[in-house]
Amino acid sequence: MSFCNFFGGEVYKDHFKPGMYVCSQCNHPLFSSRSKFAHSSPWPAFTDTIREDSVTKMMESLTAFKVLCGKCGNGLGHEFVNDGPKEGVSRF
């Protein structure tokens, strides 16, 4: 996983095989395939991280956090509050 690719070519959006998603820079565990869900955005979507320290979050707005790898600081995109598959669930 690395920062969002705005120009297409995102290979993990429609990838739903069981497994773990890790940082593309340091292999730090980030997300489990169990928390992955189909979403209309052009990027993969997850409801939760593997561990609390899997990522570091910095508030950008009341509804969005910038998300970085918890180990090396690689940019991963955003967490969107209350934009998950169920009410009250966030989307990474």
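Me: This is a predicted model. Is Thr49 buried or exposed?

Reply: Thr49 is located in the loop between strand 4 and strand 5 (55-61). Its relative accessible area is 13%. Since buried means under 20% relative accessible area, Thr49 is classed as buried.

Me: From which residue does the backbone oxygen lie 2.7 Å from a polar atom of the side chain of Thr49?

Reply: Not counting residues up to four places away in sequence, Thr49 touches Leu30, Phe31, Ser54, Val55 and Phe92. The backbone oxygen in question, at 2.7 Å from the side-chain polar atom of Thr49, belongs to Arg51.

Me: How is the pair of Tyr21 and Phe46 classed?

Reply: The structure holds three aromatic pairs. In this one, the ring centres of Tyr21 and Phe46 are 5.0 Å apart, with 70 degrees between the planes. Planes over 60 degrees apart meet the criterion, so the pair of Tyr21 and Phe46 is edge-to-face.

Me: How many residues apart in sequence are the parts that this pair ties together?

Reply: Tyr21 belongs to strand 1 (residues 20-22), whereas Phe46 belongs to strand 4. Both Tyr21 and Phe46 are buried. The parts tied together are therefore separated in sequence by 25 residues.

Me: What is the angle between the planes of Phe31 and Phe46?

Reply: Phe31 is in strand 2 (residues 29-32) and Phe46 in strand 4, 15 residues apart. Their aromatic pair is stacked, with 4.3 Å centre to centre and an angle between the planes of 10 degrees.

Definitions and conventions:
Residues numbered from 1 in each chain as written. Predicted model: local features only at pLDDT ≥ 70, side-chain atom pairs only at ≥ 80, totals over all residues. Heavy atoms only, no water. Helix = DSSP H or I, 4+ residues; strand = E, 2+ residues; numbered from the N terminus. Buried < 20%, exposed > 50% of the residue type's maximum accessible area, 1.4 Å probe, protein only. Polar contact = N/O pair within 3.5 Å; in protein donor to acceptor, adjacent residues only side chain to side chain. Contact = heavy atoms within 4.5 Å. Phe/Tyr/Trp six-rings, centres within 6.5 Å; stacked < 30°, edge-to-face > 60°.
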